[in-house]
Every structure is written in structure tokens, then in C-alpha cells.
Amino acid sequence: MVPVPLSPARRRERGFNQAEDLADGVAASLGLEVRTVLARDGGAGRQAGAGIRGRAANVQGRFRATTRAGVGLRRAILVDDVLTTGATALACVDALSQAGFTHIGVLTFARTLRTKRRPEHGSIR
């Protein structure tokens, strides 16, 4: 299980990485290992509130596999808390693929949905 990393600044701000905590819990219950094989380079703009293009631009080229991350490993389950557009997951999957992982699943715990506007009710949240 591979948690999506936070930027160092975001990690300091929060004091924890929610993806790591989720990965730890699931891995413990399934008897799997958690491996921190991804690093997040540089800061990206906040994903919250960004549109599809903005989210993709924020994470493009931001993730890389750590040294020798894929040595001996072929399968990974990428773990994150929320999937919105999939931009972060795709960027992480690209980095894992480049490191030699051949089978990559994505596990998230929430999925945001697009909202539709209804003139008589405002926006649905």
C-alpha cells in the first residue's frame, strides 16, 4: 500500500498525512505493508476549489518514486482520502509506473461528485 504524499509544508501545517493514516489502518487489517515510495516535489496550488485543468496543472510532474522504490515490487495499491478529478491519482500512478510497478490499484475513501445547479434551489451540495 502506497499513500499519496503531502508536500512538506502541508504536512507541517496539518501535522499528519491522512492518506498514510488510512493506508496504515487498511494494511493492518489485511496483513499488507505500507511503503512510502512516493515523494512530492515542490508545492502545488491547493486542489480544493480548483477546476479540472487547474488540478491537473497543480500536480503535473510533482510526484516521483523514491530511489529504488520499485526494486522487487510490481504491485501497489495507491491510497488517498478523496478522489475528485483523478488528477493526483493519475500523477502518482505515472510515477509508480516509471519506477517499475506494473499493477497499480487506487483506493480512496470518498468521491466528490459534480453538482448541478437548480435555479429554484441554488446549487446542490
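## Salt bridges, sheet and surface of a predicted model

The side chains of Glu-33 and Arg-35 meet in a salt bridge, 3.2 Å from N to O; the term denotes a side-chain nitrogen of Lys or Arg within 4 Å of a carboxyl oxygen of Asp or Glu. This is a predicted model, in which local features need pLDDT of at least 70 and side-chain atom pairs count only at pLDDT 80 or more, while totals for chains, interfaces and linings use all residues. Residues are numbered from 1 along each chain as its sequence is written, and side-chain values use heavy atoms, with hydrogens and water left out.

The structure holds four salt bridges, including those tabulated here.

| Salt bridge | N to O distance |
|---|---|
| Glu-33 and Arg-35 | 3.2 Å |
| Glu-13 and Arg-10 | 2.6 Å |
| Arg-64 and Asp-41 | 2.8 Å |

Glu-33 is exposed at 51% relative accessibility, whereas Arg-35 is partly exposed at 33%. Here buried means under 20% relative accessible area, exposed over 50%, and partly exposed in between (1.4 Å probe, protein chains only). Glu-13 and Arg-10 lie three residues apart in helix H1 (residues 8–14), so about one helical turn separates them. Arg-64 in strand E3 (residues 63–65) and Asp-41 in the loop between strand E2 (38–40) and helix H3 (52–59) link distant parts of the chain, 23 residues apart.

The protein has four helices and seven strands; these are DSSP runs numbered from the N terminus, helices (H or I) having at least four residues and strands (E) at least two. Three of the strands form an open, parallel sheet in the order E1-E4-E5. Strands E1 (2–3) and E5 (103–111) stand at the edges with a single partner strand each, so one side of each has no neighbour in the sheet. Strand E4 (residues 75–83) pairs with E5 over eight bridges; pairing requires at least two DSSP bridges between two strands. Helix H2 packs on this sheet and touches E1, E4 and E5, its direction making about 125° with that of E4. Contact means heavy atoms within 4.5 Å, and angles run from 0 to 180 degrees between N-to-C directions of axes fitted to C-alpha atoms, for helices over the stretch in contact.

Leu-30 is found in helix H2 (residues 18–30) and is exposed, with a relative accessible area of 55%. Together with Leu-32 and Ile-77, Leu-30 forms a nonpolar surface patch of about 260 Å² accessible area. Patches comprise residues with over 30% relative accessible area and no salt bridge, like charges being joined within 9 Å and nonpolar side chains (Val, Leu, Ile, Met, Phe, Trp, Tyr) within 5 Å. Accessible areas come from the Shrake-Rupley method with a 1.4 Å probe, and for residues only the protein chains shown count as cover.
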